[in-house]
Amino acid sequence: RLQSITPEKSLQLSWPTGLPPGSATGMACLGFAAPGLVKGSLCWLMFGIIATLVQLAFFVKETPKITRKESQQLGHIVVWTSTVCMWLFWAFVYMHQMVPLIYPVHTGAA
């Protein structure tokens, strides 16, 4: 026999036990404009700029097989590829903590 599920009932069924019914409806979603995500992204941008300056000052070298310009271009590729990869990993971890998939279950015994 089929039972009809009301929206309130489906919300209660979709959330883990221990959360009050309707708790998800009152939260505002900031998405990519979350303050922590924006500040962290700006920090990673500064990291990339500083790493570029360090690369230009200390790691550009001319050898018989590579010119100074090619060394500079290779350094830029390495710095910005690694900066973007590290920023993406950080952003994924940060955003995962914004909306956790598993909620802690608090018990009375401690």
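I started with Leu42, which sits in helix α2 (residues 35–58). Helices here are DSSP runs of H or I with at least four residues, strands are runs of E with at least two, and numbering goes from the N terminus. This is a predicted model, where local features need pLDDT of at least 70, side-chain atom pairs count only at pLDDT 80 or more, and totals for chains, interfaces and linings use all residues. Residues are numbered from 1 along each chain as its sequence is written, and side-chain values use heavy atoms, with hydrogens and water left out.

**Overall fold.** I counted 3 helices and 0 strands in the protein chain, in the order α-α-α along the sequence. Of its 110 residues, 11% are buried (under 20% relative accessible area; exposed is over 50%, partly exposed in between, with a 1.4 Å probe and protein chains only). I also looked at contacts (heavy atoms within 4.5 Å): among those between residues at least 6 apart in sequence, 61% join residues at least 24 apart.

**Surface.** The chain exposes about 9300 Å², and carbon and sulfur atoms supply 70% of that. Areas are from the Shrake-Rupley method with a 1.4 Å probe, and for residues only the protein chains shown count as cover. I found Leu42 again in a nonpolar surface patch, whose members include Val38, Leu45, Met46, Ile49 and Phe59. Together the patch residues have about 1000 Å² of accessible area. Patch residues need over 30% relative accessible area and no salt bridge, with like charges joined within 9 Å and nonpolar side chains (Val, Leu, Ile, Met, Phe, Trp, Tyr) within 5 Å. A salt bridge is a side-chain nitrogen of Lys or Arg within 4 Å of a carboxyl oxygen of Asp or Glu.

**Aromatics.** I get 2 aromatic pairs. In one, the ring centres of Trp44 and Phe47 are 5.3 Å apart with planes at 75°, so I logged the pair as edge-to-face. The rule wants centres of Phe, Tyr or Trp rings (six-membered ring for Trp) within 6.5 Å; planes under 30 degrees apart are stacked, over 60 edge-to-face, the rest tilted. Trp44 and Phe47 are 3 residues apart in helix α2, about one helical turn.

**Gln55.** Is Gln55 buried or exposed? It is buried, at 5% relative accessibility. Leaving out residues up to four places away in sequence, Gln55 touches Val60, Ser71, Gln72, Gly75, His76 and Val79.

**Cysteines.** I searched the whole structure and found 0 disulfides (cysteine sulfur atoms within 2.5 Å). Cys43 is exposed at 54% relative accessible area, while Cys85 is partly exposed at 48%.
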